[in-house]
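Reader: I would like to learn how to read the features of a helical fold. Could you take me through one, starting with the general idea each time?

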Amino acid sequence: MEKYPYLNEAVANILKGRREALGMSKRKLSELAMIERAYITGLENGKWNVSLNVLFFLSEALEIRPDVFIQLVMDEVENMKKRDVV
């Protein structure tokens, strides 16, 4: 299956931005979300896809609803598409 354009990069941007806005380290996020720190690093580097299960754990740890997280990712994907067109 082909990867959806910009999706991993958009998830990475939103994840890292929200984590940093909360002043949270990757280690702390890892603990709160019960996800390996290496996986968080991979997500923030755009290397790995995020599953719904992981998205829900991350959302809870980042104090944001999963639907809001997804909306932010969708907005970021659209912004990235627009930047590529210009």
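This is a predicted model: local features need pLDDT of at least 70, side-chain atom pairs count only at pLDDT 80 or more; totals for chains, interfaces and linings use all residues.

Reader: How many helices and strands does the protein chain have?

Author: Helices (H or I, at least four residues) and strands (E, at least two) are DSSP runs, numbered from the N terminus. Here the protein chain has five helices and zero strands, in the order α-α-α-α-α from the N terminus on.

Reader: What does the radius of gyration say about the protein chain?

Author: The radius is taken over C-alpha atoms, and the globule rule is 2.2 Å times the number of residues to the power 0.38. For 86 residues, a compact globule would come out near 12 Å, and the 13 Å of the protein chain agrees with that. The C-alpha trace spans about 40 × 25 × 20 Å along its principal axes.

Reader: How do helix 4 and helix 5 pack?

Author: Axes are lines fitted to C-alpha atoms, for helices over the stretch in contact, and angles run from 0 to 180 degrees between N-to-C directions. Angles under 35 degrees count as roughly parallel, over 145 as roughly antiparallel, 65 to 115 as roughly perpendicular and the rest as oblique. Helix 4 (residues 52-61) and helix 5 (residues 66-85) pack at about 105°, with axes 9 Å apart. The two helices are therefore roughly perpendicular to each other. Contact means heavy atoms within 4.5 Å. Helix 4 contributes Leu55, Phe56 and Ser59 to the contact, and helix 5 contributes Pro66, Phe69 and Ile70.

Reader: Which residues of helix 4 are buried, and which exposed residues sit on the face turned away from the buried side?

Author: Buried means under 20% relative accessible area, exposed over 50%, and partly exposed in between (1.4 Å probe, protein chains only). In helix 4, Val54, Leu55, Leu58, Ser59 and Ala61 are buried. They cover an arc of only 160° around the axis (taken from the directions from the helix axis to the C-beta atoms), so they lie on the same side of helix 4. Turned away from that side are the exposed residues Leu52, Asn53 and Glu60. The cover over the buried residues of helix 4 includes helix 1 (7-21), helix 2 (26-33), helix 3 (37-44) and helix 5.

Reader: What does serine 59 touch beyond its neighbours within four places in sequence?

Author: Serine 59, in helix 4, is in contact with Ile64, Arg65, Pro66 and Phe69. Serine 59 counts as buried because its relative accessible area is 0%. Just after helix 4, glutamate 63 takes a positive phi of about 60°.

Reader: Is glutamate 76 buried or exposed?

Author: Glutamate 76, in helix 5, has 16% relative accessibility and so counts as buried. Aside from neighbours within four places in sequence, glutamate 76 is in contact with Ala10, Asn13, Ile14 and Arg83. Asparagine 13 belongs to helix 1 and, at 34% relative accessibility, counts as partly exposed. Not counting residues up to four places away in sequence, asparagine 13 touches Glu76 and Met80.

Conventions
Residues are numbered from 1 along each chain as its sequence is written. Side-chain values use heavy atoms; hydrogens and water are left out.
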